[in-house]
Amino acid sequence: DEEKFFIKNYQFLTMKPMLYVCNVSEDEMASGNAYVEKVREYADKEGSKVVVISAKIEEELSALDEEERQMFLQDLGVTQSGLDILIKEAYELLGLRTFFTAGEKECRAWTFKNGMKAPQCAGVIHTDFEKGFIKAETYSYDDLMKYGTPLKVKEAGRVRLEGKEYVVQDGDIML
């Protein structure tokens, strides 16, 4: 542990957090196989995670619409595609989160590091926004799904004005 401090600046790959991805056949998507279990045992020893995917299934899923996709996943006995799980686990491992900006012309997702405050997140969009940040009108994605429209979220009193010390949360929608 003492030596880790001295070699930290060299950024060795062996010092980076790991995420193991196991590509399996279609039949093994839900349950895995003996090789996946060996990888899980190894990953557990070093505190890493394992994601199981089937490249063949992911290819087939990419050609389906959302309704067919959900039915296909149910038939396989899984709730999410391996690729969706891989993305979530990679974001978690890297400490990344997402906030959204929404306006009349466009809606956009922005990636930020967990723990960033509102001005820093504004700087992700443009450095001038960080310098001139005063406050942000904020509501959550969950509230938008619950109430249906930004206007109804506002009518329900769920829109907040957040200042410079606000720590942005995953799924915030900000203006």
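This note covers the salt bridges and nonpolar cores of a predicted model.

1. Basis. Local features are reported at pLDDT of at least 70 and side-chain atom pairs at pLDDT 80 or more, whereas totals for chains, interfaces and linings use all residues. Residues are numbered from 1 along each chain as its sequence is written, and side-chain values use heavy atoms, leaving out hydrogens and water.

2. Salt bridges overall. The structure holds ten salt bridges, the term meaning a side-chain nitrogen of Lys or Arg within 4 Å of a carboxyl oxygen of Asp or Glu. R160, E162 and D172 are joined in a network of such bridges.

3. E37 and R40 form a salt bridge with an N to O distance of 3.1 Å. Both residues belong to helix α2 (residues 34-46), where they sit three residues apart, about one turn of the helix. Helices (H or I, at least four residues) and strands (E, at least two) are DSSP runs numbered from the N terminus. E37 is partly exposed at 37% relative accessibility, and R40 is partly exposed at 31%. Here buried means under 20% relative accessible area, exposed over 50%, and partly exposed in between (1.4 Å probe, protein chains only).

4. A helix-strand pair. K49 and E89 meet in a salt bridge whose closest N and O atoms are 3.3 Å apart. Because E89 lies in helix α5 (residues 82-94) and K49 in strand β2 (residues 49-53), the pair ties together parts that are 40 residues apart in sequence. Relative accessibility is 21% for E89, which counts as partly exposed; K49, at 43%, is also partly exposed.

5. A loop-loop pair. The closest N and O atoms of the K117 and E165 salt bridge are 2.6 Å apart. This pair links distant parts of the chain, 48 residues apart: K117 is in the loop between β4 (107-113) and α6 (118-125), and E165 is in the loop between β6 (160-162) and β7 (172-174). K117 is partly exposed at 29%, whereas E165 is exposed at 60%.

6. Nonpolar cores. A core is a set of buried Ala, Val, Leu, Ile, Met, Phe, Trp, Tyr and Cys residues joined through side-chain atoms within 4.5 Å. The largest has twelve residues, among them F99, W110, C121, A122, F133 and M174. Two or more residues each come from β4 and α6, and α6 gives the largest share, three residues. Leaving aside residues up to four places away in sequence, A122 contacts (heavy atoms within 4.5 Å) F129, E130 and F133. A second, separate core has seven residues, including Y20, C22, V24 and V36.
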